[in-house]
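Thanks for coming. I will go through one model this morning, starting with the chains and ending with a few single residues.

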Amino acid sequence: MTQYLLKRLGLALLTLVLLSFIIFFAGSILPGNPGRAILGPFASQHAVEVLNHSIGADRPLISQYWTWVTGIVHGDLGTSYQFRAPVSTFLFPALGRSLKLAAVAFVIVVPLSILGGVLAALYRGRAIDRSISVTGLSLTSVPEFVSGVVLIVIFAIGLKWLPVTANPPAGTSPLGQLRYLILPAIPLVFVLFGYIARMARAGTIEALDSDYVRTAILKGLPRSVVIRRHVLRNSLLPTITVIATQTGYLIGGLVVVETLFNYPGLGRLIFTAANNKDFPMLEAGVLVIGIVYLGATLIADILYTILNPRIRFQQAD
Amino acid sequence: MSAEEPRDTPAVPSATRISLEDSAALHDPGAVGLLPPVTGGAAGALDSSAGAIRRENLRLLLRSPAFLIGAAILLWWIVCALFGTVFAPYSPVAGTLTAFNNPPSGAHWFGTDSLGRDVFSRVIVGARDILIVAPLATLLGTVLGTAIGLVQGYFLGPVDSFVGRIVDAVLALPVVIVAFLFVVAVGTSTTTLVIVIGLVFGLLIARTVRTAVLQERGLDYIAAARLRDESNAHIMFVEILPNVLGPIFVEFTVRLGYAIFTVATLSFLGFGIQPPTPDWGTDIANSYQYLGAGYWWQVLFPALAIASLVVAVNLIADSIEAVIIQ
């Protein structure tokens with residue numbers, strides 16, 4: 001098992017290195033002239049050249065990449081063009097706020113979607129199944145900003161139940177702050193619901209059709225016991241992995257939701273950086289999203305290995 | 001067939017491989033539940049029976065209410081995209097400055113925006129650009145993905161591992177973020193939008209095509225073609241391709257829904273379709289800040305338009321997928 005996990009870790013690291021290549025060179029395709037971008041159109045050519053030289057923008061791309069990557073390994077994410085300050089001073093607090101929002105979305109969506117998926121599977125082919133599946137598919141396919149504005153129109157402006165912004169006034173209690181995060185979390189919940197519910201439904205149906213469940217029913221176990229002890233335990237295994245890897249998606253969906261609700265998380269940081277052509281900030285932000293995703297996938301794999309006795313014992317031999 | 005698996009995954013338990021495949025679809029709501037359908041059995045089907053299968057599929061589709069509803073909505077938006085400028089009651093770009101921010105009324109069914117433009121007309125004509133960009137990007141992605149997937153699945157070995165790693169790396173980022181990064185770097189234009197979304201989708205689709213090709217490549221007709229000394233290109237494109245068209249077609253319809261999702265999202269963020277072209281995402285972006293003032297009609301109607309279009313395309317994709325898998 002250790003060998004397998006090491007292999008997964010190595011693969012994830014390899015992917016990460018490739019990812020850093022792609023991000024860096026994407027950011028360098030046509031950023032024009034960083035010096036010009038910072039100083040604006042009215043600065044003298046000489047000033048632009050001096051600045052380009054001082055930030056290293058006149059060096060070959062591969063050497064710039066090396067500086068960038070070694071910096072990151074040492075915890076230096078670069079210097080933001082727009083704030084003229086280290087990227088990390090903005091990035092990590094923003095990441096923290098994004099994770100808080102993502103956590104709220106998770107807490108809502110996980111029980112809801114598992115319940116939905118299991119219910120749909122238990123009533124397979126009937127009206128409940130079809131309505132859960134179609135609702136899930138529809139909610140999943142609608143972009144977050146679309147469901148977001150509709151929710152704002154209904155719940156914040158029409159009914160006035162929840163605040164329009166995600167930013168509580170200073171001095172709001174932690175519980176009060178939570179109230180500001182509910183509306184922004186719902187569009188994320190919508191997109192995730194369909195996917196997790198579908199996985200939970202597929203897993204449950206597979207377990208229901210298995211021989212061991214047939215045996216359990218035939219030996220006379222009550223239905224509730226069969227479902228709890230034999231169906232759920234097996235069906236939720238793949239669902240758990242899926243949920244863990246959803247973190248990557250969540251962080252991506254946050255760009256839209258945070259922009260819409262004006263929430264100062266990683267998503268909005270990336271959005272602002274893109275608008276200001278602040279490539280160091282943009283590249284670092286996107287790389288962090290990649291790291292979070294790869295980390296989550298790795299954790300999901302480990303979790304799966306630990307939870308699945310078949311893999312655990314097979315590898316231990 | 002297990003001996004034909006790629007070299008980079010021999011020790012990975014199959015369950016984990018499933019989780020990896022799934023993770024590709026994770027930040028990609030459009031790919032919900034898309035498991036590559038098994039088409040191997042149809043390989044030896046005679047032409048006449050293939051035609052019968054196709055007719056039967058069509059009959060099943062026309063009986064599915066989800067498909068019919070989706071098709072009706074999509075048809076409406078296609079009509080709007082083609083002829084919207086003809087039957088829209090007002091010009092979608094020229095506003096009446098005396099009538100800005102008017103609520104819905106008999107004269108302006110969906111009200112007017114902050115520049116006095118008729119929201120109803122903008123919603124109608126707004127179908128045009130998204131229905132050009134999204135299908136083109138999906139088409140580009142499907143063609144690219146098919147080519148990459150065929151090469152990967154057919155040759156396996158180092159080519160497959162190398163492409164597989166790149167796919168993994170790109171897919172570690174949500175599609176919207178990748179598109180965002182490249183569009184920002186290269187600059188915003190409709191062409192960039194099509195190319196960037198097409199490229200990312202190409203990588204995603206390559207995965208599905210590769211899986212489908214792996215199922216085909218151990219079958220007898222491939223061995224027979226090799227014995228006949230056919231060229232690799234012939235085997236890939238003439239022998240294998242017709243037998244993996246089913247999953248590719250399903251992939252196209254599913255991706256189309258997600259292309260619309262991505263284009264709309266990029267437009268909302270200001271990196272998609274550019275003003276003054278009427279576009280739903282852009283209109284929502286321009287108006288949502290004033291929601292507090294109560295001008296809900298400026299965002300609600302474009303939002304419903306996007307929602308109806310993506311849901312319609314997904315209903316169609318889901319029905320087609322269900323029929324083809326059966």
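**Two chains, helix by helix**

Chain B contains 13 helices and zero strands. Please keep in mind that this is a predicted model. Along the sequence, chain B reads α-α-α-α-α-α-α-α-α-α-α-α-α. Chain A also has 13 helices and zero strands, and its pattern reads α-α-α-α-α-α-α-α-α-α-α-α-α.

Some figures for each chain. Chain A has 317 residues, of which 44% are buried. Chain B has 326 residues, and there the buried share is 50%. Take the contacts between residues at least 6 apart in sequence: in chain A, 69% of them join residues at least 24 apart. For chain B, with that cut-off of at least 6 apart, 77% of the contacts join residues at least 24 apart. As for dimensions, the C-alpha atoms of chain A fill a box of roughly 85 × 60 × 35 Å along the principal axes.

Before going further, a word on confidence. The mean pLDDT of chain A is 81, with 90% of its residues at 70 or more. Which elements of chain A have the lowest and the highest mean pLDDT? The lowest is helix α13 of chain A, residues 309-316, at 58. The highest is helix α5 of chain A, residues 87-122, at 88. Where pLDDT is low, the predicted coordinates should not be read in detail.

Now the contact between the chains. On the chain B side, 52 residues are in contact with 57 residues of chain A. Five helices of chain B each supply at least two residues to the side that touches chain A: α1 (14-26), α6 (157-171), α7 (175-186), α11 (245-268) and α13 (297-325). Which of them gives the most? It is α13(B), with nine residues. By type, the residues on the side of chain B that touches chain A divide into 36 nonpolar, 12 polar and four charged.

One residue to look at here is B:Arg165, which sits in helix α6 of chain B. Setting aside neighbours within four places in sequence, B:Arg165 is in contact with A:Leu14, A:Thr15 and A:Leu18. Is B:Arg165 buried, exposed or partly exposed? It has 17 C-beta neighbours inside 10 Å, so B:Arg165 counts as partly exposed.

Back to α13(B). This helix has 29 residues and spans 42 Å from its first C-alpha to its last, close to the 42 Å expected at 1.5 Å a residue. Of those 29 residues, 23 are buried, so α13(B) is largely enclosed by the rest of the structure.

In soluble globular proteins, nonpolar side chains tend to be buried together. The largest nonpolar core here has 171 residues. Which members touch the most others? They are A:Ile196, B:Ala179, B:Leu181 and B:Ile260. The largest share of this core comes from α13(B), with 17 residues. As an example from that list, B:Ile260 touches B:Ile130, B:Ala134, B:Leu309, B:Val310 and B:Val313, leaving out residues up to four places away in sequence.

Next, two backbone angles. Most residues other than glycine have a negative phi, and most peptide bonds are trans. A:Asn262 has a positive phi, near 55°. A:Asn262 lies in the loop between α10 (223-261) and α11 (266-275) of chain A. With 13 C-beta neighbours inside 10 Å, A:Asn262 counts as partly exposed.

The other one is B:Asp229, where phi is also positive, near 70°. B:Asp229 is in the loop between α9 (220-227) and α10 (232-240) of chain B. Is B:Asp229 buried or exposed? B:Asp229 has 7 C-beta neighbours inside 10 Å and therefore counts as exposed.

Last residue. A:Leu61 belongs to helix α4 of chain A, residues 61-73. A:Leu61 is nonpolar by type, but is it buried or exposed? With 10 other C-beta atoms within 10 Å, A:Leu61 is exposed. How far apart are the C-alpha atoms of A:Leu61 and A:Phe25? They are separated by 8.2 Å, although the two residues are 36 apart along the chain.

That is where I will stop.

Terms used
Residues are numbered from 1 along each chain as its sequence is written. Chains are lettered from A and ligands numbered from 1 in the order in which they are written. This is a predicted model: local features need pLDDT of at least 70, side-chain atom pairs count only at pLDDT 80 or more; totals for chains, interfaces and linings use all residues. Two residues are in contact if their C-beta atoms, placed from the backbone, lie within 7 Å. Helices (H or I, at least four residues) and strands (E, at least two) are DSSP runs, numbered from the N terminus. Ala, Val, Leu, Ile, Met, Phe, Trp, Tyr, Cys and Pro count as nonpolar, Asp, Glu, Lys and Arg as charged, and the others, Gly among them, as polar. A residue is buried if 20 or more other C-beta atoms lie within 10 Å of its own, exposed if 12 or fewer, and partly exposed in between; C-beta atoms are placed from the backbone. The expected span of a helix is 1.5 Å times one less than its number of residues. pLDDT is the predictor's confidence in each residue, from 0 to 100. A nonpolar core is a set of buried Ala, Val, Leu, Ile, Met, Phe, Trp, Tyr and Cys residues joined through C-beta atoms within 7 Å.
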